[in-house]
Structure formats: structure tokens, C-alpha cells
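Take a walk through this model, residue by residue and then chain by chain. Start with a single side chain and its surroundings.

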Number of protein chains: 4
Amino acid sequence: MIKVGIVGGTGYTGVELLRLLAVHPQVELTAITSRKEDGLPVADMFPSLRGRVNLAFSAPDKADLTKCDVVFFATPHGVAMAQAPELLKAGVKVIDLAADFRIKDASVFEKWYKIPHTAPELLEEAVYGLVELNREQIKGARLIANPGCYPTTMQLGYYPLLKAGVIDAGNLIADSKSGVSGAGRKAEIGTLFSEASDNFKAYGVAGHRHTPETSAQLQRYTGQKVGLIFTPHLVPMIRGMFSTLYAKLTRDIDNAALQALFEAEYKDSQFVDVMPFGSLPETRSTRGSNMLRIALHRPENGDTVVILVVQDNLVKGASGQAVQCMNLMFGLPEETGLQQIALLP
Amino acid sequence: MIKVGIVGGTGYTGVELLRLLAVHPQVELTAITSRKEDGLPVADMFPSLRGRVNLAFSAPDKADLTKCDVVFFATPHGVAMAQAPELLKAGVKVIDLAADFRIKDASVFEKWYKIPHTAPELLEEAVYGLVELNREQIKGARLIANPGCYPTTMQLGYYPLLKAGVIDAGNLIADSKSGVSGAGRKAEIGTLFSEASDNFKAYGVAGHRHTPETSAQLQRYTGQKVGLIFTPHLVPMIRGMFSTLYAKLTRDIDNAALQALFEAEYKDSQFVDVMPFGSLPETRSTRGSNMLRIALHRPENGDTVVILVVQDNLVKGASGQAVQCMNLMFGLPEETGLQQIALLP
Amino acid sequence: MIKVGIVGGTGYTGVELLRLLAVHPQVELTAITSRKEDGLPVADMFPSLRGRVNLAFSAPDKADLTKCDVVFFATPHGVAMAQAPELLKAGVKVIDLAADFRIKDASVFEKWYKIPHTAPELLEEAVYGLVELNREQIKGARLIANPGCYPTTMQLGYYPLLKAGVIDAGNLIADSKSGVSGAGRKAEIGTLFSEASDNFKAYGVAGHRHTPETSAQLQRYTGQKVGLIFTPHLVPMIRGMFSTLYAKLTRDIDNAALQALFEAEYKDSQFVDVMPFGSLPETRSTRGSNMLRIALHRPENGDTVVILVVQDNLVKGASGQAVQCMNLMFGLPEETGLQQIALLP
Amino acid sequence: MIKVGIVGGTGYTGVELLRLLAVHPQVELTAITSRKEDGLPVADMFPSLRGRVNLAFSAPDKADLTKCDVVFFATPHGVAMAQAPELLKAGVKVIDLAADFRIKDASVFEKWYKIPHTAPELLEEAVYGLVELNREQIKGARLIANPGCYPTTMQLGYYPLLKAGVIDAGNLIADSKSGVSGAGRKAEIGTLFSEASDNFKAYGVAGHRHTPETSAQLQRYTGQKVGLIFTPHLVPMIRGMFSTLYAKLTRDIDNAALQALFEAEYKDSQFVDVMPFGSLPETRSTRGSNMLRIALHRPENGDTVVILVVQDNLVKGASGQAVQCMNLMFGLPEETGLQQIALLP
């Protein structure tokens, strides 16, 4: 059994980790920390876990995380970089669901996240946990930077086309939409029900942290200079993420060949579902599951290809992907404990 | 033109007052206070008001509210009782949308609201602003205690039956449901979209402040000792309030006679719509309007009568009712500026 | 492996059976019928099942259901009664999710459902599938009448109090609220998003089919004449059911003793969670899971007890309960394949 | 008083016309037709109108529409083209909210709408009712083609940039999102609450009727060949439309100059609100009002300009715009009866 610790279990990615790990056949939940909720049974905060998770939150200084085999950080940016060095030294593997190790260049990180990077020496070693594009590296990793939710959809959607060299890498437009849970479990007016319900809006239009993360990764994989315009929006739904990706074809290629690029790329990736050409995926088809679905379109058969990508932002976009990484790191089949079928309706 | 001031304009009852008063033909909006937002144009916080309300918030000490003809308090409990005495002395009428003057007995108030009452000398004079049951008193009032949202539905729903003496006053059960805006515009986890959406729950089951308010008023009107069980619930919708009121008939009375009690009672009240017997009112039929709708039912023709009452909690349940009071206090037709038709769909 | 057939798999209880049975370790999905969708892969209609359910719908006459060990009817009322006799004769067990066998008295059934009962000879044998109150009978049953969603909450909520004889059985008021999926997957204007969203309403106030079902069952268990007023309401959420149950205490009994009645009754029922006295259960704590949660309240410590009951209407209220019955009928542990944790948020 | 008839008053644009016209100071509602609902009081179908609209639906053959001054067609495509010739002959003005007269080229219309055009002789005369770009023509019109909802946002968003010649007209990408009411009041599974809630999806990606309408109009105004990729999406909200418009700048121009183009263009258009550069408009800021709001962005100060446009799809996107046209056609101030402030929250 893998002994698992979770730092920061009171947010949405934390409770989602608990939902997944509580039924994972190879996991023993060992510690969950929360400075504020020390002593509170987890199930008192999240009644969905009554009778299923018997742990209580413990203050960080009381929890001996070095006894864990792996520790997940479901924390704000900056926490993992402070604690990871010591854990790694003690032989504990670390999976950070925040952004601390996603961007290889510390100065770029600091520009976008406005905090100093306190563990730049780990940036080189950290493995970006996008399983479908980094599977082998993840297997041997000690430290995982779990991808951002939006970047997961953008990378998996654009990669096969960039790799094949059939689109203009300098001219990508990603129009993305997220459910409100992506904003986290924080007391803020902007995400109150009465503010966010029956409403639609964009945010971060002038520049969003997920743009450099995505561009840098796509450039690393493909060696092409990527120019990406990314616009995130807030949808009045709890879970779900939808990216509408636009690209200009630079070569004459028919739809079947485009489709074949995706099917070949993801044929061994059971959590990426390449739907038939022209399909219309819905976010709810992934609700609560680790599936990500992709469908290709070509409006009026012109030179623009539109890639539609859906996932559950809290599962494949966060906690599910983190568990997928953990499985690989411990030699388990990638899908272990991740077989939940989406809740529809 | 009536010069109007609003204390505490950053909450939902405040912005709703602005929506109604900005198009009120006899009103001149004069001052809106907010300690925190001093100097901020109101339309910057509420873009729905861009081009329609040109006022900025001003700090309480900068706003000379004594120049107003009437001041609305859209504030937390306790604010109006502190400021009303001085305003009244200056000849300014006061309408409090909070609970400060709703309960005549200061000790009952203090028990339920957990704050000392600092202006008990005004309790006797204060007029309870439930227009349909207190119209004449309101016309002459200087100080209005605007009713709570739930109490409005319960009083208007039970009153005709209690007055006629056909139900057991000691055995009333009110099962009420409110949209989330009733919880106000406060940064709290419990009313986040991701917590309140796709969910239903009760609250305040062991005892809620609106129970004593309602019981006391019904007793005042009818002289009967009222026994009321009241259970509020939270509905994943922004606006709307629905009360399902149960009562036991104590006399043999047919449905037409029951219906006639309501039609007679409210025949001159244009904001109370007594629907045909057996109708199924929907909250959305009142969305954004000052209408309250009532429908009577008698399950399997037994001795229980079920009264269904709907309203918009922010209009007839709060700001609309307050404007209705203002109209009467200033000799205007009751419906002035309150003719908005509900937004459906 | 249990060979399972589903008649009528295109509705919400059908797809929910598929979600549960596709991961059930002892089940082999064998046939799923739909007259209209003959030949269509199930996953084309419900993309959440892509890669997980490979069956196609087949027309009823093409599917040899007699080869199944058990057949679920996720059909409108009237279908199971037509087909059950033949299946039972062939040695196939039958679980009907509709109402055909819920009411023992055919004339009562016909009065409320407005169709003639064509298999009254099976009514005596049919076992009412409310597991927690009928566990032993279900184990030996050939034919199960799966309970209605509302009746499940009302029976489990009232039973311990009626059994103990501490409440007035003739004076029960159940105010219940359901998510919209309870209305089924039918093209109707009333349940369109634009009609049902941001809205709340009651329906069936004058009399609803779940009243006689509930009353009759409670009378069978307890021998007491039950008088029940039941009011269902529609909540703008997909899944979830909430019943607020009111009863008058007839004996002096303290809260701890009330609580003990429930804890004793359900101590061996892992899908009934008796929460601490005074808890406030939320429907979302059961979303997608087979849990039903109960909490007791006593407003202002008077003589009314309020029982709050939540469940997912499609799981414990329908398909999950049906699978729970199947498990018992085939000698499996009751919880087999039903361990999903609720999706929160 | 303008005598108004409405053909097809049972859909969402129909009831929205009623909401607006019932309080319009210069309108007398004269007839509302519905073949199916002949004789039914309008307020029985739409209880929001109880006490405000006393008309009943009448069958088309019973209503003498030739006595009206103007007739609105809130009907499916194809109805207005059948009835308009006769009404125009009788001196009645016609405003069609459907697409019959939006596209000047009958063959293009027939290609996209799959029905023959039966009144091509009126296409030349018909005036496209986008007030801000066609104001003078509308004043003199007998026949108005009210614009589609999406095209309204795209045209008003792109026009100032195209007119100034600062963007690449051949390379426009419009990613648009609509509330569910845009799908109309039709009994269909796809727009049921349980299907559309907590979900997000695209539709019509391969080609949508609003693309040719928009392209053709933008070409007419500007003389430039327009290349437009348009992707509509469905948002789980009742009302509201959001367009995220992307364009490539072809000239060196600073943000202030871009902003000035919009402010100059719409300075006399009180229903177009050009927000400060970099603003984040929300659909709810237009809920129930005739306002359309625009905000400009320039991601990372590159050569892409992003124009955000919001409106209420049923008001400025349909019925409000139609009333705005009517006002101009009858010499009234454009804003008459259209001063409703958006409902927020």
C-alpha cells in the first residue's frame, strides 16, 4: 500500500483527491494537513466523505509527512516549493497540484506569479505531469509539477497538429471556458452563487498565467516557436472545462488525415477519447471522471481547424491527473482507481 | 421630487433600491453611503447601472443625510437604530430594511438578534411596513420597519384564514424556500456557486428570527395565540421565495368560501394576486416585480389547507415593499415606479 | 456473473443503471432494449459511456431476455406488468423501477395510475424493494417493486418514530423537493432549462401517487392508520431529493431518545447515514452515491419533530436501490458495486 | 397609440415583446395569434403577465391583422414571408424577428434555411433592423428584418475596426456563447434542464446560419471581403449572450486610438455602452435590458485585438431591438418603452 499525505486538504482539489484516493485499491491515506482546521474530522467539513474517510485534519507541524511514500500539495502557489526539498531529501515523492514547478524558467515564474521562487534548484528535475505527453519521464520522477487545468486541454488539443507540422504555430487562438470550481473554495464575492449564476464573463484577457505554461511546453515538445492567444471564461456550472482551439492549416490536408493524427497519437492513452470527426463533446460527459474528449471540426471546409476539448477541471484537469501520475511513479497501471464513469445526467 | 438617501448601498437590497428608484418618476437620488467604497461611482460596482445612476458612494460622515426627505437603511441589523433618532429629529423619514424595528418587544429582539437595542423608545412609534395589512398606519408613519422576506409570505398567506377564524392558529407549519440572494452579498464559503448550486438544504430549523416576527404580527392582527413551526430552505436560484403553508381547518368550509376570503381581503391590493383555487404559482412569475401571488389547495379534500405563496425576495420581500411604503408616506399612488413586469423566462 | 437485461434504457433511470452496472464486478450486461433506438450504440446516446459500455440498443422483439438472470424495467408504468409474467415463467428475476407492483391493491393502483392492472395475480408475490425495511423478503424474491423516490425518503424518515409509537400517525406532513431529473428524459416544455432554471414551484399538491404508496407501506409495517399530507416541489438542480418531514410527538421523549431510535434502527444499514441530532444535510452530499442521510430537529424544543432526509433521486431513489435489491437476490453483499462516493463539489 | 399585432406569441421572443409592449406608453396591443392556443388568455400561459395583459390568443384566421399599424412576426422562419405581402399591401408595417428578410440573396437564404423563399420581391425593400448601423433607413421602412442575436454582437463589435481599416477582414474569429432561451420554447430533449444545466457545449461548428448573415452585412457596410469563423456555444443560463471576437491588427495603432474608434462610432447610440478599455463585461449587466456592452482588450499588447460584447439575447438580441425599430418607424424617440434597467443580481 502506498502511504499518501495531502497538504492542504480543505480546497476543491484536496477533497477531490480524497474522493479518488479513498477508493484507490493501493492507497492508504495517512495524513491530511490544514493549519486552520487542526483536529476537525475531514468528514465534518465534507459530509460526502462520512463513513468513507476517517482521518482528521492535522496542523502541518504535527503531521509527520516524512513517513509517507508520496505527498500531494493541494495548496496555493508557493507552499510546495517551501516544503518539497525536505520531503525529497527524506525519500518522499512529491506531486504539486499548484504551479511551483510547472515553469522551468524561474524568472518567468516570478513574473507571472509575483512571488520569488525559493527552490529553483529543483526546476530542472521536476517532471511536468501531463501523462499523455510525458509518460516515460513521469515513471521515474521524484517531483511532479501537475499541469494547470487549461494547459491540459490546450496541449493535448494542439500537440498532434504541431507535431505533424500542419498548422501555423505562431497563430493559435484558444477560447476556453471553465466551471466555477476552478476558482477554488475561497470566500469571495465574485464567485458567490448570486454573482456567478445565470451569468457569463471572461477574465484574464490581457494575460493569464496559463499562457506561458502552455506555450513553453508546446515549444519544448515540438521545437516550434508558439504564438498563443488564450482567453479564459467563467461558466455557471460547478465542474467542467471546454476549450475551443483555433488553428490555421499551413498544408493541404484532408479531414481524415487530420483525424488520423489524433487517433494515432492517443491510441494508447485510455483517458483521451478522440471522438469521430465533427462530434460535439459536452463537458458533462466527463463530470467526475478522468476522461478528456477531443473532437475536430473544419468550418465550411476552409483552412481553419477547430479542436474542441472537454474535461472535468477537477479530475483530468487536477486531482485525477495527479493520481494518474502517482500510479505511474509507483509502477501501477495508469488507470488504477480512476475508472469512475461520468455522472450523466 | 422626493430626495432619497440610502445607507449601505453595496448589498443586494441596496442595488435593488437603486434599480427601482432610478426610474421612479418622483424620486431624486441624493446620497448613497458606504464606508468602504467612499468615492467609487455606484455604476463601477454595479455595471447594470451604467448610464442610469451617476452617484458615487460617499463615506457616512461626508453625506449630509439630513437634507433628504427619506432615508432607506439597507444595512446589517443595528445600523438603523443608531442613526434613526437623529434623522427623525431632523424631520427625515426613515425606512429600515433590516430588523431593528420589526419586533415591538426589545427583549425579544435582543434574544434573537444578540445585540442590545439602542433605540427602544422608537419601537412603539415604528410602523410595520406590510402594506396590505397596515396601509393606513404607513401613510402617517415617520419610521417604517420593513418586513422580513419570509414573514411577508407567511403573514399574507395565513392572515385571511386566521381573521376568519377557520384554522387552528396554534398549529401552523410553514415550509419556506428562498433564492440565494436572500443571504446577501457577503464573501462566504457557504453561498459560493460551487457550494450552493445543484444543491438543496434547510437552515435555521431549530429556530429562526423570522418566526417570532411573524407570530407576533399575526397575533397583533388577529388576537389569536399563534403556534408556528417555520423551516427555511436554500434553493439554487438567485431570486425568488416560495412558502408552502399548512393549516388545519377547524370548521366545515368549502373551497369556494376559502377562496372568497382571500379575494375579498386583497381585492384592493394590486400587488397581491390571488390566483384561481388550485393554481400552481412559480417564483419566476414574480422575478424582478413587486407582485406576490397566492394559491389555495386542499389535498384530497381533507381538513388541511395548503397555501402557496410566491414573491421575489428582493422586491416585494424587501426593496419593492420599502418603495411601496415610501409612496404611501409621501401621498403617492402605491404603485408609483413599481410597475415592472416579471422577467420570464 | 449475473446476466442482466434492461428494458427501456434511454431514460435517466436506465442510463443510471448502466453507470452502476458497467462497473459492477459480478454483472455482465447482456441486453438493453429500446423500440425506437434499435441498433444505436448506447454510448452514442450517452457519451459518458464511451469506451465503457459497448452494447447497442436492440428492439424488444430481437432481444432474448429469457437468457438473462435478471431484467430491470426502467420503463413507464404499465410495461413491466405486461412482460413480467413471461420472464418469471422462464426463471428470470424481475426488478421493476416503475410503479406496477408497488401498490398491493389493484383498484388503488388503477385509481391513481389511470391504467388497468394486467397482472394482478403477481401483486401478492411482488416484494417492495425498500431494502432497509424489507431486507429478508428481498433476498428470496423473484419480483421486486422498486420504491418510488419520494416514498423512500418518507418511509425511512418516519418509520422509526411510528414503530416506537411516539408520533401522531394521523397527522404527518411531508414537504418534499426533487431535482428535475425526477421528471425523466422526456421532451416537455415544463422541464426545459429556460422554464425550470432559476425557478421553484410545487406540483401535485391536490394529490400525488406517492402518497398512497407511502401510506400503505407505513401502515403495513406499523399497523397504524396513517394520515399523510405530501407536497412535492421542483428544485432547479439535476439530481437530489430533500424531504422535510413534520410529526407531532404524542409522548414526552427527549432528543437523545429520539436520536437513539434512528441509530438503532439503521445501525446495520450502511446506506442510511443517521447524522448527529440537529445536523443540516445537503442533497449534494449524496450526489451520485447510494447514501441516504437523515437528521432530526426539534424546533424551539416543542412537540414537533422535524426529520430531514436527503438522497440522490436517481441512485438510492431509483437505480441504486434496484441494484441493492439485485445484490441481495443473488446472495451478494448488499454494497457490491455501490461504493461510489458522492461528487462534491 | 400604435396598434400592434403579434403573430406567434407563444415563444420566448413573443412573450418578451409582450413584456416590453405592455408598458410601452404609445402602444395598444391589439391582437396576438396562435393557431394552437386560440382563445387562451395570454396570462394563463405566462402568469408573469397576469393583470398586465388581458388579451387572449386568437387563431390566425380570426385575427384581423390588417387593422394594426404594425405586426411583429415572432414565428419560425417562413411565416413572415408568407403573410407580409398582404399586410404591406394593406398599409401595415411589418417587423420580422425571424430570418426571412435578413439575407438579400434568396439563393443564399435557401441554401442555409432549406426552405424556398416565397417573397423574393420584398428582399430589396426590406431594411435590416440593426439600429446603430442603419438608423436612417429604418425610419422610412415598411418592412424590417430584425437581426439575429449573434449577428448583432458580431456586427457591432467588428464594425468600427473594419470601417477604420485597421484589422484583417479576411481573418475574423468569433467565439460566441448564448443562454438557453436562444433555443426557443420548444419541447426538445437537448434543452431540458437535466441536459443543459451544469454543462457546456458547442454547436453548429461546421457552419451556422448566422455566419453568412453577418459576413454579408459587414461587407455591405465596409466594402471589404469578410472571412469569418463563427462558433456558437450553449451556456447554462437562461438569458445572455457573450461574443469573444478576435481580429488581427494590420496597422500600428495604440489602444487609446482603438478605443476612440468605438466611442466615436456609438456616441449617439444610447443602447451601446462602450466600456473603458480592458473592462470585463458580464452578461448579467444586461439581463432584461436593451443595453449591449462592448469592451476592448489587447492580450500582452500584441497584434491581436479582442472585442468582448454582451447583450440579453431576448432584448437587444431580439424583441428589444424590434421595438427599437418600431419606435423609429413611427417617429418616436428610439428609447421609448425600453428604459428597463438590467436585473442584477
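D:Glu335 is in contact with D:Gln270, D:Phe271 and D:Asn327, leaving aside neighbours within four places in sequence. Contact here means heavy atoms within 4.5 Å. D:Glu335 sits in the segment after α10 (315–329) of chain D. Helices (H or I, at least four residues) and strands (E, at least two) are DSSP runs, numbered from the N terminus. At 22% relative accessibility, D:Glu335 counts as partly exposed. The scale is this: buried is under 20% relative accessible area, exposed is over 50%, and partly exposed is in between, with a 1.4 Å probe and protein chains only.

A word on conventions. This is a predicted model, in which local features need pLDDT of at least 70 and side-chain atom pairs count only at pLDDT 80 or more, while totals for chains, interfaces and linings use all residues. Residues are numbered from 1 along each chain as its sequence is written, chains are lettered from A and ligands numbered from 1 in the order in which they are written, and side-chain values use heavy atoms, with hydrogens and water left out.

Stay in chain D and move to D:Asn313, in the loop between β14 (304–311) and α10. Is D:Asn313 buried or exposed? D:Asn313 is buried, because its relative accessible area is 3%. Its side chain makes a polar contact of 3.1 Å with the side chain of D:Ser181. A polar contact is a pair of N or O atoms within 3.5 Å; within protein, one must be able to donate a hydrogen and the other to accept it, and residues adjacent in sequence count only if both atoms are side-chain atoms. The backbone nitrogen of D:Gly240 lies 2.8 Å from a polar atom of the D:Asn313 side chain. Not counting residues up to four places away in sequence, D:Asn313 touches a list of residues including D:Cys149, D:Ile238, D:Arg239 and D:Met241.

Now look at position 149 in chain A. The UniProt annotation "active site", from an unreviewed entry, covers A:Cys149. Such positions are given in the numbering used here, feature names are shortened, and annotations may be inferred rather than shown by experiment. A:Cys149 lies in helix α6 (residues 149–164) of chain A. With a relative accessible area of 16%, A:Cys149 is buried. Beyond four places in sequence, its contacts are A:His210, A:Met241, A:Gln311, A:Asn313 and A:Gly317.

Strand β8 (residues 172–179) of chain A runs antiparallel to β11(A), joined by six bridges. There A:Ile173 stands opposite A:Tyr246. Strand β14 (residues 304–311) of chain A also pairs with β11(A) in the antiparallel sense, over eight bridges. A:Phe242 stands opposite A:Val310 in β14(A). Two strands pair if DSSP finds at least two bridges between them.

B:Tyr12 is found in helix α1 (residues 12–21) of chain B and is buried, at 3% relative accessible area. Its contacts include A:Leu192, A:Ser194, B:Arg185 and D:Pro345. A polar contact of 2.5 Å joins the side chains of B:Tyr12 and A:Glu195.

Finally, the copies. A rotation of 180 degrees with 0.0 Å of shift along its axis superposes chain A on chain B, with RMSD 0.0 Å. The two copies are thus related as by a two-fold rotation axis. Superposition is by least squares on the C-alpha atoms of residues with pLDDT of at least 70 in both. The same surface serves both copies, as 100% of the contact residues of chain A recur in chain B.
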